[in-house]
Amino acid sequence: MKALYTIILLIFSNIFMTFAWYGHLKLQEMKITNNWPLIGVILLSWSMAFFEYSLQIPANRIGFQNNGGPFSLVQLKVIQEVITLIIFAVFTMIFFQGETLKWNHIAAAICLILAVYFVFMK
């Protein structure tokens, strides 16, 4: 059950992270933040990142083996990175439709799946 909670929290934290890191680019494209000073865009991103951390930290605490969770530190990091890249790919396809996935992106995704396999291999 802790593994499921950890993964759910990681998914939602990465949604906030992706919006915090790249959402301002879409807002600029939509001409919403074009006239904002850089500090305003940074503060907007930081406010979104607050929610990322509010989910990321509990996910790490619940999921970490030394706290009774099912994952080692390396496993947590690999899971987090894979989730991050999946969320980013979906975000890109939805919000930045001019970006396309190419064969090398698929090859990289396969490498990530292999990374997960190897990190969990006993």
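Visitor: What do the buried residues of helix 1 pack against?
Guide: They pack against helix 2 (38-63) and helix 3 (73-95). Helices here are DSSP runs of H or I, at least four residues, numbered from the N terminus. This is a predicted model, where local features need pLDDT of at least 70, side-chain atom pairs count only at pLDDT 80 or more, and totals for chains, interfaces and linings use all residues. Residues are numbered from 1 along each chain as its sequence is written, and side-chain values use heavy atoms, without hydrogens and water.

Visitor: Which residues of helix 1 are buried?
Guide: Among them are T6, L9, L10, S13 and M17.

Visitor: How do you know that the span of helix 1 agrees with its 28 residues?
Guide: The expected span is 1.5 Å times one less than the number of residues. For residues 2-29 that gives 40 Å, and the end C-alpha atoms are 40 Å apart, so the two agree.

Visitor: Why is T33 called buried?
Guide: Buried means under 20% relative accessible area, exposed over 50%, partly exposed in between (1.4 Å probe, protein chains only). T33 has 6%, so T33 is buried. T33 sits in the loop between helix 1 and helix 2.

Visitor: What is T33 in contact with, leaving aside its neighbours within four places in sequence?
Guide: T33 is in contact (heavy atoms within 4.5 Å) with H24, L27, Q28 and V41.

Visitor: Why does A108 count as partly exposed?
Guide: Its relative accessibility is 39%, so A108 falls in the in-between class. A108 lies in helix 4 (residues 103-120).

Definitions and conventions:
Helix = DSSP H or I, 4+ residues; strand = E, 2+ residues; numbered from the N terminus.
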